Amino acid sequence: MDYQKNIEKIPQVLRCAVTLGKFDGLHRGHQKLIQRVLEKKEQGLSAVVFAFDQSNRMILSHEERRAKLETMGVDLFLECPLNERLRHMLPEVFVKEILVDRLHVGFLAVGQDFRFGYERKGNAQLLQKMGQQYDFQVEVIPDETDGKRKISSTYVREQLNEGKVEKVAELLGEYFSTTGEVLHGRGLGHRKLMPTTNLVPPKEKLMPPNGVYITKSRFGDQQFHGITNVGYKPTVGAEEFLGVETYLFYCDQNLYGQKSVVSFLKFLRPERRFDSLEKLKAQLMADIEKAQNYFEETSKNVDC
């Protein structure tokens with residue numbers, strides 16, 4: 001997959017199918033748009049995702065988003081900062097200079113409430129009108145809904161901020177996860193509690209509330225069940241940075257330096273400070289028992 005952040009350096013393509021949006025979470029609504037673009041590859045069009053990037057707290061980090069789009073089969077990903085030039089560009093100018101002259105758009109997929117250009121004056125109706133003028137097809141994709149509510153990044157953020165990772169998984173179509181390299185911690189877990197893996201999520205990554213979660217961790221082709229604490233470890237000295245610390249069930253491997261993907265399945269409890277390491281360890285053992293029961297019940301349901 002080609003990747004570009006500068007609209008001045010967009011590679012010339014013969015003809016493409018494009019979808020426009022922020023795409024900060026790649027939830028089921030976003031996937032619906034991207035799928036329509038991917039289907040046009042059968043007609044010889046390159047599949048292009050054009051994201052207006054604001055680089056604020058994102059449901060997917062930049063690296064995670066790029067990796068997912070590449071896996072989906074996107075040919076070109078344009079991650080363009082929503083700078084002053086784009087903010088003040090008239091929608092008609094954006095269509096002519098970017099979509100028509102640079103990308104040679106043949107097909108365009110947008111959501112029902114998509115807005116773009118100066119003062120957000122560009123909309124689906126304008127795109128359809130200009131599509132007739134410049135010979136490209138515009139398809140307005142109906143909203144993907146959860147009950148009566150539209151699935152949107154705002155909805156996903158609300159649920160994630162409340163720790164409702166099971167609902168977030170429904171909206172994303174997959175578990176919410178974070179990715180990072182396993183780092184060396186201070187070693188307190190190994191010496192006094194139980195061995196854990198530690199990673200630090202990307203700064204732009206939106207994380208669920210501090211607390212303990214039932215998780216699955218993937219290291220290449222290997223996957224382990226476990227429990228994960230998101231937070232600052234207040235009982236063992238308190239960290240200055242937000243960390244993701246995971247106890248892996250039935251794992252005695254040295255995983256330092258490896259890339260880990262931690263998927264959040266269920267919220268167990270908020271993070272809190274304990275009066276002693278003994279009390280913390282007793283709580284962790286209770287958390288582990290709950291998690292193991294969860295995986296056992298989940299396995300039974302799958303088997304049925």
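Two strands are said to pair if DSSP finds at least two bridges between them. Helices (H or I, at least four residues) and strands (E, at least two) are DSSP runs, numbered from the N terminus. The legends below describe a predicted model, in which local features need pLDDT of at least 70 and side-chain atom pairs count only at pLDDT 80 or more, while totals for chains, interfaces and linings use all residues. Residues are numbered from 1 along each chain as its sequence is written, and side-chain values use heavy atoms, with hydrogens and water left out.

**Figure 1. Strands S5 and S6 with the helix that links them.** S5 and S6 pair in the parallel sense over five bridges. The chain crosses from S5 through helix H5 (residues 124-134) to S6, and this β-α-β crossover is right-handed. A crossover is given that name if, with the strands pointing away from the viewer, the path from the first strand over the helix to the second runs clockwise. Phenylalanine 107 has glutamine 137, in S6, as its bridge partner.

**Figure 2. The parallel sheet.** Six strands form an open sheet in the order S1-S4-S3-S2-S5-S6, with parallel pairing. Strand S1 (2-4) and S6 stand at the edges with a single partner strand each, so one side of each is left without a neighbour in the sheet. Direction ignored, neighbouring strands of this sheet are turned by 20 degrees against each other on average. Axes are lines fitted to C-alpha atoms, for helices over the stretch in contact, and angles run from 0 to 180 degrees between N-to-C directions. S1 and strand S4 (residues 76-81) run parallel and are joined by three bridges. Glutamine 4 stands opposite leucine 78 in S4. H5 packs on the sheet, where it touches S5 and S6, and its direction makes about 160 degrees with that of S6.

**Figure 3. Strand S2 and its two partners.** S2 is mostly covered, with six of its six residues buried; buried means under 20% relative accessible area, exposed over 50%, and partly exposed in between (1.4 Å probe, protein chains only). Cys16, Val18 and Leu20 are buried on one side of S2, and Ala17, Thr19 and Gly21 are buried on the other. S2 runs parallel to S3, to which six bridges join it, and cysteine 16 stands opposite serine 46 in S3. Four bridges join S2 to S5, also in the parallel sense. Here valine 18 stands opposite leucine 108 in S5.

**Figure 4. Helix H1 against the strands.** S2, H1 and S3 make a right-handed β-α-β unit. The expected span of a helix is 1.5 Å times one less than its number of residues. For the 12 residues of H1 (residues 28-39) this gives 16 Å, which agrees with the 16 Å between its end C-alpha atoms. H1 lies across S2, S3, S5 and S6, and runs at about 165 degrees to S5. The buried residues of H1 are Gly29, His30, Leu33, Ile34, Val37 and Leu38. An α-helix has 3.6 residues a turn, so residues three or four places apart point the same way. The cover over the buried residues of H1 includes strand S2 (16-21), strand S3 (46-53), helix H2 (62-72) and helix H6 (153-161).

**Figure 5. Valine 37 and its surroundings.** Valine 37 is found in helix H1. Because its relative accessibility is 1%, valine 37 counts as buried. Leaving out residues up to four places away in sequence, valine 37 touches Ala17, Val18, Thr19, Ala47, Val48 and Ala109; contact means heavy atoms within 4.5 Å. Threonine 228 lies 191 residues from valine 37 along the chain, and their C-alpha atoms are separated by 37 Å.

**Figure 6. The antiparallel sheet.** A further open sheet of six strands has the order S9-S14-S11-S12-S13-S10, with antiparallel pairing. Strand S9 (176-181) and strand S10 (197-199) stand at its edges, each with a single partner strand, so one side of each is left without a neighbour in the sheet. Neighbouring strands of this sheet are turned by 35 degrees against each other on average, direction ignored. S9 and strand S14 (residues 259-270) run antiparallel and are joined by six bridges. Threonine 178 has valine 262, in S14, as its bridge partner.
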